[in-house]
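Dear colleague,

Please find the structure below for your records. My notes on it follow directly.

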Amino acid sequence: QTMTLKVNGPQSEVSPTMWGIFFEDINFSADGGIYAELIKNRSFEFTEPMMGWKEVKKEGAGNILIVNRETGHTANPRYAHITVTADKGSYGLFNEGFRGMGFKKGLSYNFSFLARSTAGKVSGKLVLVDDKGTPIGAVAVSAEDKAWKKYTATVTAERTVAKGGVQLLFSGTGALDMDMVSLFPQDTWKQRPGGLRNDLVQLLADLHPGFVRFPGGCIVEGRDLANRYQWKKTVGKPEDRTLIVNRWNTEFAHRAPGDYFQSYGLGFFEYFQLSEDIGAEPLPILNCGMACQFNTGEVAADEDVEAYIQDALDLIEFANGATTTEWGQLRAEMGHPAPFNLKLMGVGNEQWDSQYIARYQRFEEVLKTKHPEIKLVSSVGPFSSGERFDYLWSKLKPSKADLVDEHYYMPPEWFLKNSARYDKYERKGPKIFAGEYAAHVKVPQGKKETDTAEGRNTWESALAEAAFMTGLERNADLVQMASYAPLLAHVDAWQWRPDLIWFDNLRSVGTPNYYVQRLFANNKGTHTVSVTSGNRALTGQEGIYASATIDKQARKILLKVVNTTDKAAAYTIALEGAVAATGTATQEVLTAKAKSDINTLDAPSVVIPVTAQIKAGKNKVAITAGANSLNVITIPYK
Ligand code: AHR
């Protein structure tokens, strides 16, 4: 059969933001995940102040009191007061980390804490231990000053351990106060102290995402307004950021029984910095005065909405304002005098009714007047909400929203049937942001929710997403942003699956879905071109889906062909309006032996792309799209 690629036909630009990532602190994505802090509950601010900590003691050797400074320290009121009456290091504390701590042989770790000595003389030792409590590295620490001060020490791990912990042992006679007890590996992303986990950021960077949407998701909304995400509480010195309970604590907790909090070590400054590091546009989503409808559904009083709008204005100042402005100055003090060049902002996450529209309109009025340069993202929430989705669309179509965020967590069949979803969509009005999507396979027969964590990221789901993504690409004039969700998940602490990337304390793995995203994002191109067979777009007739772009700078044709059938399909690609450059073209193929195949931390390369050279004639290129495969064919052209 022939596939015709009209390189000289009508084209539309592919937005540089087309393929991006959606970051939410769900599944231990931030604390216990990409934020490389190893100490859980480092400032004793969890609801139960000793959560994550245990005393290590001989009877009578010491004790610990948690002190709460209610005045003057609203962000971080608690600290530990430790009394030691042990001559030989027999009183101390153990920290269990986030499902243990991962240590790597030969790697050094930066330990730090705030402390003041309040009586006598106490000396201490930080000990890294394995899962049985056997030491694998130690360093002496002390705190002698009467005033609060930051103390630091470096310790090296002698062995690799996946689920270790630390002990902080004291000897002598006396007392001290401690706070912000912290341990970071030295191999963080860009070696930034107190930074992010290198392997996880690298996986994100390899996607070359056009944008990073943050900080969620439902955590933008919070279970109630008191626990909503407030960006101002996430910037400044880490010890001055106000910890709150994570919205994903407990309720959906298969494996996070009550110990999921947000320390905000990864806060808005770090999100902007991450976006900049990986060349992506930052897209912050702000609370619009509504808590999560899944929970309390609380809304802010009309007269209070102004404060939420002010937060949005101040955020623009924080990101883009001169360093002489209040918030611009804070950005500079945090180490980034240059603006972050914020261009996009989202108002609300998945709000469902007229309350949302009224609030969104108030944001729009102010933001479009004061900051017409910022593109506004509004939301119609989950496609599965049916009438609500349609209602919100009817209200937003005539609005000044630049993009409307649609979410779909649907079975693979839905994705296969909906690849032409946007072919006939209204072109007047806001553009589309497919802000959260993932194909959810049914629980495989004979399996339970507790099966292998990575178990729902099957090749079947990834292939269906690839088919659907050809439809997003074909409609790139309308669909200007898209992101899979959720992004990250700890195998021992997830609340939602499937997810794009799985990790434990030491390792990480891209799912088949990750490689689909990577293939599309790394072969984005600059303009769409039409690809037809028998004069029709390939939208699943006989199980074949296709879309194509060209990269005008690199002079490459980038054709994506998804074969969802069990038979290989051979095509002759006929080029119209371009001549293939002599030499070879390439075909990257992503496929699997079985639709149920998955990648796991133990077997990370079951479904990964393989590249082959193919011959290109001047105007004809022969390809074969194997059974159940995604193929990206790159043809240099003249
Ligand atoms: O991605 C998980 C959740 O799905 C998000 O927090 C929310 O926006 C949606 O309901």
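Strands β8 and β9 form a hairpin with five residues between them, and Gly133 in the turn has a positive phi of about 90°. Strands here are DSSP runs of E with at least two residues, and helices are runs of H or I with at least four, numbered from the N terminus. The model is a predicted one: local features need pLDDT of at least 70 and side-chain atom pairs count only at pLDDT 80 or more, while totals for chains, interfaces and linings use all residues. Residues are numbered from 1 along each chain as its sequence is written.

β8 and β9 (residues 135-142) run antiparallel and are joined by seven bridges; two strands are taken to pair if DSSP finds at least two bridges between them. Leu126 has Val139 of β9 as its bridge partner. β8 (residues 108-129) also pairs in the antiparallel sense with β10 (residues 149-156), over eight bridges, with Tyr109 bridged to Val155 in β10. A further antiparallel pairing, over 19 bridges, links β8 to β11 (residues 161-185), and Leu169 of β11 stands opposite Lys125.

A separate topic is the open sheet of three strands, ordered β21-β22-β23, in which the pairing is mixed. Because β21 (488-490) and β23 (508-510) are at the edges, each with a single partner strand, one side of each has no neighbour in the sheet. Direction ignored, neighbouring strands of this sheet are turned by 20° against each other on average; axes are lines fitted to C-alpha atoms, for helices over the stretch in contact, and angles run from 0 to 180 degrees between N-to-C directions. β21 and β22 (residues 501-503) run parallel and are joined by three bridges, with Phe503 in β22 as the bridge partner of His490. Helix α1 (residues 198-205) packs on the sheet and touches β21, β22 and β23, its direction making about 15° with that of β23. Contact means that the C-beta atoms of two residues, placed from the backbone, lie within 7 Å.

As to burial, nine of the 10 residues of helix α10 (residues 512-521) are buried, among them Tyr514, Arg518 and Phe520. A residue is buried if 20 or more other C-beta atoms, placed from the backbone, lie within 10 Å of its own, exposed if 12 or fewer, and partly exposed in between. Ala338 lies in the loop between α5 (326-333) and β16 (344-347), and counts as exposed because it has 9 C-beta neighbours inside 10 Å.

Kind regards
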